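Student: I have a new protein model open and would like to learn how to read it. Could we go through it together?

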Amino acid sequence: MKKKSIVLVFLLTLCALIFIADHCVKRRWSGSVDGAAGTVEIAGLNGTVTVRRDGLGVPYIEASNEDDLFFATGYVVASDRLWQMNMMKMAMQGRMSEILGKDGMQIDLMMRTLGARAVIDEAIKKMDARSMSVLESFSRGVNAYLESHRDLPPEFFLTRYRPEPWQPADSLYVFAMLTLSLSSNFIEELDFLNLAARVGYEKAAWLMPVYPDEAIPFAEARKLSGIDPHGLNALVALRRGAGGRHAGLMSAGMPASNNWALSGSKTRSGKAIVCNDTHLEDLMPNAWMLMHQKCPTYEAAGVTAPGIPIVALGYNGRVAWGATMVMADNQDIFVEKLRVVEGTLCYQYRDAWVPVQTRRETFRVRGEDDIQKDILSTIHGPLLNDALSNVPFPPLMTVQPLPVKTEYGLALSWGLGDGEKNFTAFLNLGSVRNAAGVRAAVLGVESIFLNLVYGDAGFIGWQVTGKFPLRRRGTGQLPSPGWTGEYDWTGFLPVALNPHSENPASGYLATANNRTVDADYPHRLSSSWERPERAERIGQVLGPLKNATVDDMLRLQYDHYSLFARKVQDMLFSGESSVKVRKVVAGMDRRRRGRALEALDRLDPKAFNAVMDSESGSAAIMGAFFHCAVRETFLDELGPDDGMVWEAFKFESLGGYSAHQDHLLGREDSPFWDNAATPERETKWDIIAESLQKAVLFCEERMGYARDGWRWGRLHTYEWTHDFTSQLPVFHDYFNRGPYPASGDANTVNVTSFMAGDNFNVALIPAMRMVVDFDRAEPAMLIGVPGQSGNPSSPHYDSMLDYWLYGKNHPLPFGADAVKAQYRDLLVLTPK
């Protein structure tokens with residue numbers, strides 16, 4: 001008894017000590033949060049600047065000139081997101097090992113190989129005087145914050161790292177990180193090599209569909225038919241771009257977004273409405289931050305990425321603009337033949353063996369000696385061999401290919417350049433006076449590929465940005481042989497020739513990462529479009545809409561109706577496919593047949609309205625059916641589910657229109673319907689029937705036998721997880737938020753994408769929602785998630801969460817009285 005008492009006292013004491021230590025550490029970290037009001041003297045200002053903040057912590061920065069405005073912006077952005085902006089910069093520079101030690105080399109080698117530094121150095125040299133002044137002023141403001149703050153946010157404490165002074169080029173590195181996150185085709189090409197190593201080039205082509213009405217890309221797959229895919233696959237150990245266990249530190253985004261504009265012919269007021277919700281990873285903190293900047297020559301309110309001194313998407317008091325990804329194919333993998341000739345590594349190009357180009361990079365590694373690496377390049381771009389063979393899979397991956405010697409190399413062609421034009425174009429949006437001015441400005445955006453939808457009170461437009469590569473042959477969807485020269489790039493399509501529309505007869509413009517041009521469009525923009533259902537749903541709502549108001553727009557942004565679920569219902573309950581499914585179900589044994597019939601009863605359109613509501617039991621069964629169908633169709637040939645090939649396949653489903661959806665709604669002749677683990681030859685309808693009965697079994701296992709307890713939101717949840725908590729056993733409640741039940745799916749306008757066939761954890765969300773109604777006295781509304789600040793000790797770390805979860809938005813006023821009424825906290829920055 002005495003021994004038990006001693007143990008109990010010890011445990012209670014230990015818990016008390018942990019509680020006290022936790023409280024003390026968090027109390028110290030709270031000192032890194034600035035007050036929202038008061039007066040601060042800062043060296044470097046020319047005049048007084050006011051920084052007002054509203055109840056959500058959104059800053060309204062007002063100055064008498066641009067130098068002071070962007071200086072103060074640097075100070076404010078550092079106050080809100082210092083860790084995040086530094087990580088994005090350091091990641092793109094390939095310098096994470098200076099913070100993380102040797103673990104950072106995984107990221108650094110890939111980033112240095114991509115070669116952004118040469119492009120940014122050139123951009124700085126070409127930058128016009130005004131843009132350069134903005135970058136310099138912003139940098140001085142960030143550095144003023146660093147010089148005046150001893151206590152920095154908790155991540156700096158935990159890593160024992162203090163950031164170096166910010167440089168003007170650093171903001172361009174953040175821009176480059178955003179560009180990389182908007183360009184993912186080379187990842188798809190690497191995934192294809194993983195898949196082809198398992199099933200062969202021809203069969204792997206079934207896993208890379210372009211769109212429902214386009215043929216499987218067999219011709220693209222056959223380009224490499226003379227090469228053993230296992231030799232190429234051995235090079236590929238890259239997942240999700242820079243990948244690795246610290247991917248969340250610098251991740252900027254993934255595909256999926258909505259934007260639309262209504263002309264006055266469709267609105268109640270007769271004036272235009274512009275809407276945008278960008279779909280990014282559910283990061284903690286968000287990839288976006290909100291701000292309003294004002295001086296006599298520049299004014300804009302909206303979102304920006306931490307580290308960029310200007311509003312990227314938003315409203316300037318006269319015009320509004322929003323963006324979605326084009327899903328552009330501006331990257332190609334070229335397979336190079338390598339050989340050592342007289343002691344020099346060479347690659348074959350046409351009939352000659354050409355020495356590879358070499359540049360030496362030095363890596364400073366925390367706690368270790370410096371490391372030097374030679375980065376090799378061919379005429380097609382940097383060779384990825386060394387970077388790929390040394391970058392591991394994410395932490396859940398237990399199987400990795402071993403580095404091997406090979407006669408092949410993988411070179412990356414990427415149209416990254418003209419960074420100075422990109423920055424200047426977005427800077428000019430703060431000064432344009434009408435919608436026509438928006439188009440004139442964004443024609444300068446040459447290496448970021450966006451669907452810009454924009455408008456003023458009486459005009460709406462759509463412009464695709466970016467210079468698309470022109471190829472001698474092929475589409476560039478899948479890797480090409482580099483030694484023949486027949487698949488080389490011959491130049492770029494001028495931005496002015498990109499798709500564009502103004503004031504269409506339909507009365508609206510909308511994009512949702514979908515194919516926005518006809519299948520026979522003369523220029524190849526992409527082979528990686530997103531699922532069509534979001535765009536179709538937006539058109540389904542906006543097409544017949546008349547007398548539209550802000551409330552209609554907010555309802556559409558929160559819409560959970562899944563056209564994909566409706567198409568699945570058509571497949572299960574109408575036409576010849578319904579007969580085939582019922583026939584297979586009738587031949588099942590009693591238990592399996594009972595479960596399949598229960599699933600059909602719950603999914604019948606009479607019982608389920610195709611709305612993926614978090615409280616819906618039928619939505620849970622629909623989600624479980626899709627999960628089971630993915631695994632039943634593909635896992636037998638691409639498994640195990642912790643292997644490299646399955647990992648590649650899963651990520652392909654997250655990135656766009658996928659084989660999962662393509663097969664479920666069509667492709668009855670696909671070889672993947674046959675279960676490789678059985679001697680029989682299964683049909684699509686055998687797999688569908690089996691997936692139905694397993695969906696009910698899955699729900700029973702996950703949510704119990706009581707059907708009234710089945711809810712989609714019990715399977716499908718939001719959770720905002722800080723990257724640090726994957727490494728820390730403590731402070732999870734301090735850094736993380738959630739889980740919360742989630743409605744929607746990958747196909748709903750209110751997107752909540754998840755990794756099909758793996759789990760239902762939400763991976764992509766609307767990271768911001770903007771509505772600008774030019775009829776209103778204060779047209780703009782904007783909300784982000786989970787909060788403005790990246791500091792967990794700040795009250796604004798998660799203060800937008802309830803707004804975002806429950807369908808509220810937040811005004812961005814421009815009028816003086818409305819600004820004073822909303823932005824109640826006043827911080828005055830004065831020259832020292």
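**Strands, helices and cores**

Tutor: Happy to! Isoleucine 61 stands opposite glutamine 293 in β6. Keep in mind that this model is predicted.

Student: In which sense do strands β3 and β6 pair, parallel or antiparallel?

Tutor: In general, strands of a sheet pair through backbone hydrogen bonds, and they can do so in either sense. Here β3 covers residues 59-62 and β6 covers residues 289-295. Over 3 bridges, the sense of their pairing is parallel.

Student: Which strands stand at the edges of the sheet?

Tutor: Let's follow the order of the open sheet, whose 11 strands run β1-β29-β2-β3-β6-β7-β8-β9-β17-β18-β22 with mixed pairing. An edge strand has a single partner, so one of its sides is left without a neighbour in the sheet. That is the case for β1 (38-42) and β22 (500-502).

Student: Which helix lies across β17, β18 and β22?

Tutor: Look for a helix running at about 155° to β17, which spans residues 450-456. The helix in question covers residues 435-442, and its name is α15.

Student: Is threonine 179 buried or exposed?

Tutor: Start with its place: threonine 179 lies in helix α8, residues 168-181. Beyond its neighbours within four places in sequence, threonine 179 is in contact with Trp414, Leu416, Ser447 and Ile448. Its relative accessible area is 3%, and the cut-off for buried is under 20%. Therefore threonine 179 counts as buried.

Student: How many disulfides does the structure hold, and why?

Tutor: A disulfide is a covalent bond between the sulfur atoms of two cysteines. For cysteine 628, the closest cysteine sulfur is that of cysteine 699, and at 7.9 Å it is too far for a bond. Cysteine 699 is likewise in no disulfide. The number of disulfides in the structure is 0.

Student: Is cysteine 699 buried or exposed?

Tutor: Here the relative accessibility decides, and for cysteine 699 the value is 0%. Cysteine 699 therefore counts as buried.

Student: Which residues have the most contacts inside the largest nonpolar core?

Tutor: In soluble globular proteins, nonpolar side chains tend to be buried together. The largest nonpolar core here has 219 residues, and its largest share, 16 residues, comes from helix α2 (residues 66-93). The residues with the most contacts inside this core are Leu638 and Leu692.

Student: How many residues are in the second, separate core?

Tutor: Among its members are Ala548, Val550, Met553 and Val749. The size of this second core is 17 residues.

Key
Residues numbered from 1 in each chain as written. Predicted model: local features only at pLDDT ≥ 70, side-chain atom pairs only at ≥ 80, totals over all residues. Heavy atoms only, no water. Disulfide = S-S within 2.5 Å. Buried < 20%, exposed > 50% of the residue type's maximum accessible area, 1.4 Å probe, protein only. Helix = DSSP H or I, 4+ residues; strand = E, 2+ residues; numbered from the N terminus. Contact = heavy atoms within 4.5 Å. Pairing = 2+ DSSP bridges. Axes fitted to C-alpha atoms, helices over the stretch in contact; angles between N-to-C directions. Core = buried A, V, L, I, M, F, W, Y, C linked by side-chain atoms within 4.5 Å.
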